[in-house]
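Hi,

Here's the structure I promised to pass on.

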Amino acid sequence: MIPPPFDYHAPQTLAEALQLLQSHGAESGEAKVLSGGQSLLPLLKLRLGATGHLVDINRIPGLEYLKEEGGVLKIGGRTRESALEHSDLVRTKYPLLADTAEVIADPLVRNLATVGGNLAHGDPANDHPATMLAYGAQIVATGPGGERTIAADDFFLGLFSTALQPNEILTEIRIPVPPARSGGAYVKLERKVGDFATAAAAVQLTLKASGEIEKIGIALTNAGPTPIRAADAETFLTGQMPTAERIAEAAKRAAAATSPSADRRGQIEYKREMARVLAARAIKRAIDRATERTKEH
Amino acid sequence: MAQHEIRVHVNGSEKKAEVESRLLLVHFLRETLAMTGTHIGCDTTHCGACTVLLDGVPVKSCTVLAVQADGRAVTTVEGLEQNGQLHPIQDGFWQEHGLQCGYCTPGMLMTGYALLQKNSDPSEPEIRQAISGNLCRCTGYVNIVKSVQHAAAKLRSDANPAS
């Protein structure tokens, strides 16, 4: 399959890239940013989308990094999924992020696919959106006027629609460094490697020294037109001892927050039920990990 | 610009061509350069038959633009054999009958090659994980895993002839 024709630009600096976006019809959405290209190129090939201009950001230095600074983990927008997957820092301290990176598409796709692209694409079937909601991440957008930060909660507006403006580039993701007694997990049900989630749940939590849940983020993938924060389930568990009964009730409330649509991956009832099961598993795994980390320290 | 002059180092030699923006890397290899070792399978980023190495990293060449490879190194299945000698990964697939119809083989070879560059003694789960983006519709995975292990053993014994 061959994409419809477009003009291709390979800027060497971020300023040049922003200039290109601005001058090539940023307002009409006629220019698109090419990052990993693992969603955008298939979309163009299948002619589900078209663009007049592709602005390839792959030749701009300094857009791929993972570093803790000022109480947050900073992830460069163009950081490849494979870099998360093979990072010791991510594996030991950000298990929710590590879990997520490992189940995105397949290893070959992850060599090119980027974290920023996974978010900016605005596909509720992508895995990072729910992860970033659960972490309470901030997303940095750079435009002609400079940088602005957008809370993950305010970023996903609808199907393939985000708060990112056509003349902005997603340059960084900031995840709060988890305090002691924290743990997280991403649990995904997929028909095969490389498939989008039938359902998936992301959980990040912090326990009190006494064992109650101090703070919890729960979000769900491919369960509606946007990634879904299970706010009711979060409120229900906050301040509580996570007993088996309470986890089961929270998972039920998480499933109630979903509005999946029926497709080849299953009927609405099935997907909602899977969201419940996976939410419960993710909460339990996150608690186990928070407890293990506490023992280590 | 819709047309671009690109220079790509393919299996060690520089190839120059004028390409359209939308030309995919796999079409550049197969049609512009007439190197048909790299296969087009699903054409939708699923099957991995088109896997090549881009600066040493295995990627699906149906999901990369030719112009993105400008100034970079591409290794294809044609680049594995050196001086008439099969690379151990190719020999492994021969010895262990790692192919049936052969369609997925170029991709499997490139992914297997890249894995062995990083891990000289991969376990079966590590091999299966590495090739999880490469589909074999003959379902010949058991022999593919054996082939990669065969190649790994050969590479290790070549590196340490005494042991």
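Which residues in α2(B) meet which residues in α5(B)? On the α2(B) side they are Pro88(B), Ile89(B), Asp91(B), Gly92(B), Phe93(B) and Gln95(B), and in α5(B) they are Ser147(B), Val148(B), His150(B), Ala151(B), Lys154(B) and Leu155(B). Here two residues are in contact if their C-beta atoms, placed from the backbone, lie within 7 Å. By class, that contact has six nonpolar, four polar and two charged residues. For the classes, Ala, Val, Leu, Ile, Met, Phe, Trp, Tyr, Cys and Pro count as nonpolar, Asp, Glu, Lys and Arg as charged, and the others, Gly among them, as polar.

Before going on, some housekeeping. This is a predicted model, where local features need pLDDT of at least 70 and side-chain atom pairs count only at pLDDT 80 or more, while totals for chains, interfaces and linings use all residues. Residues are numbered from 1 along each chain as its sequence is written, and chains are lettered from A and ligands numbered from 1 in the order in which they are written.

Back to that helix pair: α2(B) covers residues 88–95 and α5(B) covers 141–159, and they pack at about 135° with axes 7 Å apart. (Axes are lines fitted to C-alpha atoms, for helices over the stretch in contact, and angles run from 0 to 180 degrees between N-to-C directions.) That makes α2(B) oblique to α5(B), oblique being what is left once angles under 35 degrees (roughly parallel), over 145 (roughly antiparallel) and 65 to 115 (roughly perpendicular) are taken out. Helices (H or I, at least four residues) and strands (E, at least two) are DSSP runs, numbered from the N terminus.

Over in chain A, β6(A) (residues 138–143) runs antiparallel to β7(A) (146–151), with six bridges joining them; strands pair if DSSP finds at least two bridges between them. A hairpin of two residues connects β6(A) to β7(A), and Gly143(A) has Gly146(A) as its bridge partner. β6(A) is also joined by five bridges to β10(A) (169–176), again antiparallel, with Ala141(A) opposite Leu170(A).

As for the two chains, 21 residues of chain A are in contact with 25 of chain B. On the chain A side, β1 (7–9), α2 (40–45) and α6 (107–110) each give two or more residues, and α6(A) gives the most, with three. That side has 13 nonpolar, five polar and three charged residues.

Cheers
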